[in-house]
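Visitor: I am new to this structure. Please show me how to read its features.

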Amino acid sequence: MQKPDIHRLYTTRHHAYATMIKLVGHEAMLTKYFQRIAFPDDVRVLDAGCGAGALTKSVCTVLDEQKIQAECIHGFDFSAPAVQDYATFAAQHPEHHIAVTQCDARVIDSGLSLHWKNYDYILSSGMLEYLDKTALAPTLKQLASRLHVHGKIIVFISRNTWLNKLFLEKIWQANTYTETELRAVFQTAGLKIQQLRPFRTWGYVIEATQSFKQID
Ligand SMILES: C[S@@+](CC[C@H](N)C(=O)[O-])C[C@H]1O[C@@H](n2cnc3c(N)ncnc32)[C@H](O)[C@@H]1O
């Protein structure tokens, strides 16, 4: 279901990834994106594939700017060193009630606490491309089941360009996606895309909600 070495890659190359995202200003790019959102008071957020917390840190920056305290920010990742680093950041920011757990995205139903639900925002940056392409729709579906009825999922995922095929597919073992593929996958997962557009040079950002079918 997933290239077998991804777990090892993100356990052994954890520091290489941390250095790379510092160099490219990943957290600042995410902060800029989230500054467009007016987060509600007591917002509930899930960071799926949180790594050491770049996305969560950017959300905290924006919440602080908007003078909002989160009801909770939860993160999960399957890499132990990443979870440890995330936990260190969480401990330094008690005001946002941040918690983290080690979990594989493909087994959320059995791996995540049943209390981890009703999220206003489920956010994921740079993780879902590591799943086998066939696992993407089922994983999105499992994630979406943890959304609040009015919640939104925002996914940053690698875009299929020749440069990304060289850099992300060869060096970082990630899959890359076309817009057509993503539209099909989100539909299969029961998600309604509100917006899909390029994000910086490496990705697409997709904002979606659950597409509830009208029952006659
Ligand atoms: C490129 S990093 C992104 C980390 C963070 N979201 C960020 O924006 O910096 C990918 C992360 O996804 C995690 N990951 C990959 N496959 C996963 C899976 N099946 N379940 C949970 N985490 C996974 C890796 O351990 C790694 O921390």
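Guide: Start with a helix pair. H26, E27, L30, T31 and F34 in α3 meet A54, L55, K57, S58, V59, T61 and V62 in α4. Contact means heavy atoms within 4.5 Å. By class, this contact of α3 with α4 has six nonpolar, four polar and two charged residues. Ala, Val, Leu, Ile, Met, Phe, Trp, Tyr, Cys and Pro count as nonpolar, Asp, Glu, Lys and Arg as charged, and the others, Gly among them, as polar. The model is predicted: local features need pLDDT of at least 70, side-chain atom pairs 80 or more, while totals for chains, interfaces and linings use all residues. Numbering runs from 1 along each chain as its sequence is written, and side-chain values use heavy atoms, without hydrogens and water.

Visitor: At what angle do the axes of α3 and α4 cross?

Guide: Two packed helices are described by the angle between their axes and the distance between the axes. Here helix α3 (residues 26-34) and helix α4 (residues 54-65) cross at roughly 45 degrees, their axes coming within 8 Å. Axes are lines fitted to C-alpha atoms over the stretch in contact, and angles run from 0 to 180 degrees between N-to-C directions. Helices are DSSP runs (H or I, at least four residues), numbered from the N terminus. α3 and α4 are therefore oblique to each other. Under 35 degrees counts as roughly parallel, over 145 as roughly antiparallel, 65 to 115 as roughly perpendicular and the rest as oblique.

Visitor: Which residues come nearest to the ligand?

Guide: Of the 22 residues around the ligand, Y17, G49, D77, A105 and S125 do. Around means a heavy atom within 4 Å. A polar side-chain atom of D77 lies 2.6 Å from a ligand oxygen atom.

Conventions: A polar contact is a pair of N or O atoms within 3.5 Å; within protein, one must be able to donate a hydrogen and the other to accept it, and residues adjacent in sequence count only if both atoms are side-chain atoms. Helices (H or I, at least four residues) and strands (E, at least two) are DSSP runs, numbered from the N terminus.
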